[in-house]
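This report describes selected parts of one protein model. Please keep the sequence and the structure in view while reading.

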Amino acid sequence: MDFSIKACDWSKGGEGPFLTGKSDCIVVGVFEAQTLSGAAFAIDAATGGLISRIVKAGDMDGKAGSTLFLPEVSGIGASRVLLVGLGKQDAFGQKAYGDAAKAAWRAILGTKIAQVTFALAQLPIKDRSADWAVRTAILALRELTYRFTQMKSKPEPAPRALRRVVFSVDAGDEKAVKLAAKQGAAIANGMDLTRDLGNLPGNVCTPTYLANTAKKLARDWKLKVEVLGDRQIEALKMGAFLAVTKGSVEPPQFIVLQYQGGAAKAAPVVLVGKGITFDTGGISLKPGEGMDEMKYDMCGAGSVLGTIRAIAEMGLKLNVVGIIPTCENMPAGNATKPGDIVTSMAGLTIEVLNTDAEGRLILCDALTYAARFKPAAVVDIATLTGACIIALGHHNSGLFSKDDALAGELLDASREAGDPAWRLPLDDEYQDQLKSNFADLANIGGRPAGSVTAACFLSRFTDAYPWAHLDIAGTAWKSGAAKGATGRPVPLLTQFLIDRAGQ
Ligand code: BES
Ligand code: MN
Ligand code: ZN
């Protein structure tokens with residue numbers, strides 16, 4: 001898909017090329033009060049009042065999300081106009097714009113239209129700029145066109161014809177929008193990688209597969225990569241990580257991927273991603289129903305790889321390290337048992353009361369390892385707890401941090417990116433739930449506030465740097481008919497890094 005930007009101030013006589021230029025369709029908006037803004041107004045004038053007549057006749061009432069194709073339009077270069085209802089003008093904000101863009105793409109993708117001029121990003125959107133609007137439109141389109149066909153023996157060909165989108169924007173916005181379009185495409189490419197990795201089954205997307213993916217990224221984007229195998233993991237005394245991989249025949253991998261976009265000595269941001277390629281629960285075996293979805297338990301790892309791909313494509317001026325502990329969680333004769341006590345890399349002993357609370361065990365050693373990079377900040381990303389789905393559902397990722405500034409940055413980025421997160425508490429009071437009679441701490445804290453105690457567990461290994469934790473159990477994939485990975489939180493993480501790089 002090719003995206004380009006063209007300046008066009010519709011009301012100032014600069015619209016000539018847009019009105020006469022050939023395209024298959026031009027997308028313009030109509031508000032509920034039947035006001036035609038910008039592009040719609042200009043097209044109305046050029047077509048002898050066609051749009052006003054249609055609106056007056058009641059064929060397009062401007063209701064949010066409604067669409068109407070006007071075929072065989074004469075008087076302009078485009079052969080069709082797509083009218084998109086925008087809802088109430090004074091309420092036209094982030095959500096209404098996003099819904100309108102999605103409705104427009106859905107309508108277009110159902111046709112043979114190959115070339116589109118998209119004029120909705122030019123509308124005044126409450127608290128949002130034109131560059132935000134273009135990036136959001138690109139991400140909405142790429143979300144709708146994503147297909148996962150790798151595992152089909154005869155993949156159905158993608159039905160879509162759309163190849164080229166031209167965004168019309170005001171001249172003053174052109175420069176910012178061009179950058180945003182590049183960033184939007186890079187984020188979408190990163191999300192596609194994250195979704196592919198999540199959707200691949202556990203027998204394909206193994207720890208070794210993730211390591212090979214990181215190596216390929218390193219080749220394609222000139223990154224530094226290091227993959228440690230079980231001997232090296234043992235030498236580092238990552239006893240918590242080893243306790244999880246013990247029952248599996250797939251070898252564990254510890255992936256370190258480095259993107260150097262900033263000054264050589266500038267402290268990096270470290271992203272740590274949970275990479276359980278399949279979570280059976282181990283000896284604390286999960287129930288069978290829906291267990292297939294535990295192939296998604298590596299979505300934290302996938303989002304780290306997708307984010308690094310996105311920022312590498314953007315050429316962000318920042319240093320970023322991705323750390324991925326990855327293995328399977330399997331039951332076996334030699335698997336870790338409830339009650340076993342292991343020693344983490346940090347030296348803390350852990351009583352494994354439930355082998356299904358494995359994410360925190362692999363992450364705690366990765367968080368200890370992260371300190372060697374003297375990070376400016378560390379963010380871990382994990383499908384960590386079912387309790388987070390109960391608390392927040394599928395819209396917000398759970399955000400935990402004791403660092404208000406870092407939490408604020410991540411929340412701002414999440415809102416800007418339309419990839420929301422909600423902050424949950426991390427008070428020391430909850431730490432009591434992790435007390436063990438036999439070891440320094442237990443790996444579970446009981447049912448109350450399960451996501452909080454999981455985050456509290458991780459916090460014990462993060463004294464060396466500012467740290468935040470994202471629980472993406474509810475947001476990384478969808479269940480039901482639309483079952484599949486979402487690519488979240490790549491938009492949030494990438495926006496956070498863009499903001500950090502000041503770009
Ligand atoms: N990977 C799961 C968390 C999960 C569960 C994500 C369901 C998405 C949907 C994690 O390893 C896990 O099993 N957590 C346990 C923790 C419990 C044993 C304290 C959970 O949430 O039940
Ligand atoms: Mn588990
Ligand atoms: Zn898990």
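## A sheet of three strands

In which order do the strands of the open sheet of three strands stand? The order is β12-β13-β17, and the pairing is mixed. The edges are formed by β12 (340-343) and β17 (441-442), each of which has a single partner strand, so one side of each is left without a neighbour in the sheet. The structure discussed here and in the sections below is a predicted model.

The pairing of β13 with β17 is parallel and extends over two bridges. Within it, Ile350 stands opposite Leu441 in β17.

## Strand β6 and its partners

Strand β6 comprises residues 164-169 and is mostly covered, since five of its six residues are buried. One of its pairings is with strand β1 (residues 2-7), in the parallel sense and over six bridges. Here Asp2 has Arg164 in β6 as its bridge partner.

Strand β5 (residues 115-118) also pairs with β6 in the parallel sense, over four bridges. In this pairing Arg164 in β6 is the bridge partner of Gln115. Together with helix α5 (residues 130-145), the strands β5 and β6 make a β-α-β unit, and this unit is right-handed.

Ile113 is placed in the loop between α4 (94-109) and β5. Is Ile113 buried or exposed? Its relative accessible area is 0%, and because buried means under 20%, Ile113 counts as buried.

In sequence, Ile113 and Asp24 are 89 residues apart, yet their C-alpha atoms are 5.7 Å apart in space. When neighbours within four places in sequence are left aside, Ile113 is in contact with Asp24, Cys25, Phe69, Arg80, Ile108, Ala161 and Leu162.

## The zinc site

Which residues coordinate the zinc ion (ligand 3)? They are Lys274 through NZ, Asp279 and Asp297 through OD, and Glu358 through OE, at 2.0 to 2.4 Å. Along the chain, these donors follow the spacing K-x4-D-x17-D-x60-E.

The six donor atoms of the zinc ion (ligand 3) give angles of 79 to 174°, and the site is octahedral. For comparison, the ideal angles for six octahedral donors are 90 or 180 degrees. The zinc ion (ligand 3) and the manganese ion (ligand 2) lie 3.2 Å apart and are bridged by Asp279. Asp297 lies in the loop between β10 (275-279) and α10 (299-314), while Glu358 lies in the loop between β13 (349-352) and α11 (359-370), so this pair ties together parts that are 61 residues apart in sequence. Asp297 and Glu358 are both buried.

## The manganese site

## Ser451 in helix α14

Ser451 belongs to helix α14, which spans residues 450-459. With a relative accessibility of 4%, Ser451 counts as buried.

What does the side chain of Ser451 make a polar contact with? The partner is the side chain of Thr385, at 2.9 Å. If residues up to four places away in sequence are not counted, Ser451 touches Thr385, Ala387, Cys388, Phe400 and Asp471.

Key. Residues are numbered from 1 along each chain as its sequence is written. Chains are lettered from A and ligands numbered from 1 in the order in which they are written. This is a predicted model: local features need pLDDT of at least 70, side-chain atom pairs count only at pLDDT 80 or more; totals for chains, interfaces and linings use all residues. Side-chain values use heavy atoms; hydrogens and water are left out. Buried means under 20% relative accessible area, exposed over 50%, partly exposed in between (1.4 Å probe, protein chains only). A polar contact is a pair of N or O atoms within 3.5 Å; within protein, one must be able to donate a hydrogen and the other to accept it, and residues adjacent in sequence count only if both atoms are side-chain atoms. Contact means heavy atoms within 4.5 Å. Donors are N, O and S atoms within 2.8 Å of the metal (3.2 Å for Na, K and Ca); water is not among the atoms, so sites may look incomplete. Four donors count as tetrahedral if all angles lie between 85 and 135 degrees; four count as square planar and six as octahedral if opposite donors are over 155 degrees apart and all others between 65 and 115; anything else is irregular. Two strands pair if DSSP finds at least two bridges between them. A crossover is right-handed if, with the strands pointing away from the viewer, the path from the first strand over the helix to the second runs clockwise.
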